[in-house]
Amino acid sequence: MAGRRGALIVLEGADRAGKSTQARRLVERLRQRGHRADGMRFPERTTEIGKLISSYLEKKSNIEDHTVHLLFSANRWEQVPMMKEMLRSGVTLVVDRYAFSGVAFTSSKENFSMKWCKQPDEGLPKPDLILFLNLSPEAAAARGGFGNEIYETSDFQVKVQKRYQELMEDKSLNWKLVDASQTVDDVLKEITGMSEGIIEDVKDQPIGKLWTEE
Ligand SMILES: Nc1ncnc2c1ncn2[C@@H]1O[C@H](COP(=O)(O)OP(=O)(O)OP(=O)(O)O)[C@@H](O)[C@H]1O
Ligand SMILES: Cc1cn([C@H]2C[C@H](O)[C@@H](COP(=O)(O)O)O2)c(=O)[nH]c1=O
């Protein structure tokens, strides 16, 4: 019989909700508790595609809206072989943003349907757990650093939040809503419990495919 696989855990939410803080701390906590765990983030800005995306986000270059959406997706696909290898070898992956960011952000632009936005990410490894860090746009704007990158305006973040609400209606995915206005330690405690539960639940299951009929 094949060995146990790791879980794919994704953190999502609007900008400044605390995803990176929690992703880092969740990996540390899981390791302290004896799990094999590693972190990833999207966009992965170090690859050639990631550098183009980063330059766009930092407002240093202008990329056409459809094109940048497809670049974000390609930036995920280029990591898929490594993700599958790690999951199959028993490592739990904690991922800071995934395809849901792609859909929520691009579909907040004029003339982009959610259906179109999902298509390039169909078939990606399906997350076992999606932790949605829920924070109001006002509270997010009050946190450090807001306003430096292209999507960091309150008006746009309000639209993004609405798109996430629509995405969370998909009951074929395991969304968990987390109150991100709690202290860093309280959020961590809550998501560690959920993560340990899912690691146990999926250890003998195959890796699923996102947004496909299975
Ligand atoms: N629970 C919390 N309470 C108060 N401040 C927090 C909390 N979590 C994170 N912060 C602070 O909020 C800011 C944004 O945190 P972080 O970078 O983790 O968010 P993020 O969701 O990854 O943001 P982005 O998507 O914009 O990169 C940081 O200054 C961080 O220290
Ligand atoms: C994965 C992904 C991200 N985005 C947006 C969301 C954020 O505004 C930035 C990334 O910022 P971070 O500080 O590195 O989290 O990019 C997007 O529009 N599409 C995507 O697929």
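In this predicted model, helix H1 (residues 19-32) packs against helix H9 (residues 184-202) at an angle of about 55°, and the two axes lie 10 Å apart. On the H1 side, the contact is made by Thr21, Gln22, Arg25, Leu26, Arg29 and Leu30, while H9 brings Val184, Val187, Leu188, Ile191, Thr192 and Ser195. Sorted by class, the residues of the contact between H1 and H9 comprise six nonpolar, four polar and two charged.

Helix H3 (residues 65-77) and H5 pack with their axes 10 Å apart, at an angle of about 170°. Since an angle over 145 degrees counts as roughly antiparallel, H3 is therefore roughly antiparallel to H5. Here Asp65, His69, Phe72, Ser73 and Arg76 of H3 meet Ala99, Gly102 and Thr106 of H5. The residues of the contact between H3 and H5 divide into two nonpolar, four polar and two charged.

With three residues, H5 (residues 99-106) supplies the largest share of the shell around ligand 2. The residues surrounding ligand 2 are Asp15, Phe42, Pro43, Leu57, Phe72, Arg97, Ser101, Gly102, Phe105, Glu149 and Tyr151. By class, the shell around ligand 2 holds six nonpolar residues, two polar ones and three charged ones.

Methods
Residues numbered from 1 in each chain as written. Chains lettered and ligands numbered in written order. Predicted model: local features only at pLDDT ≥ 70, side-chain atom pairs only at ≥ 80, totals over all residues. Near = placed C-beta within 6 Å. Helix = DSSP H or I, 4+ residues; strand = E, 2+ residues; numbered from the N terminus. Nonpolar A, V, L, I, M, F, W, Y, C, P; charged D, E, K, R; others polar. Axes fitted to C-alpha atoms, helices over the stretch in contact; angles between N-to-C directions. Contact = placed C-beta atoms within 7 Å. Parallel < 35°, antiparallel > 145°, perpendicular 65-115°, else oblique.
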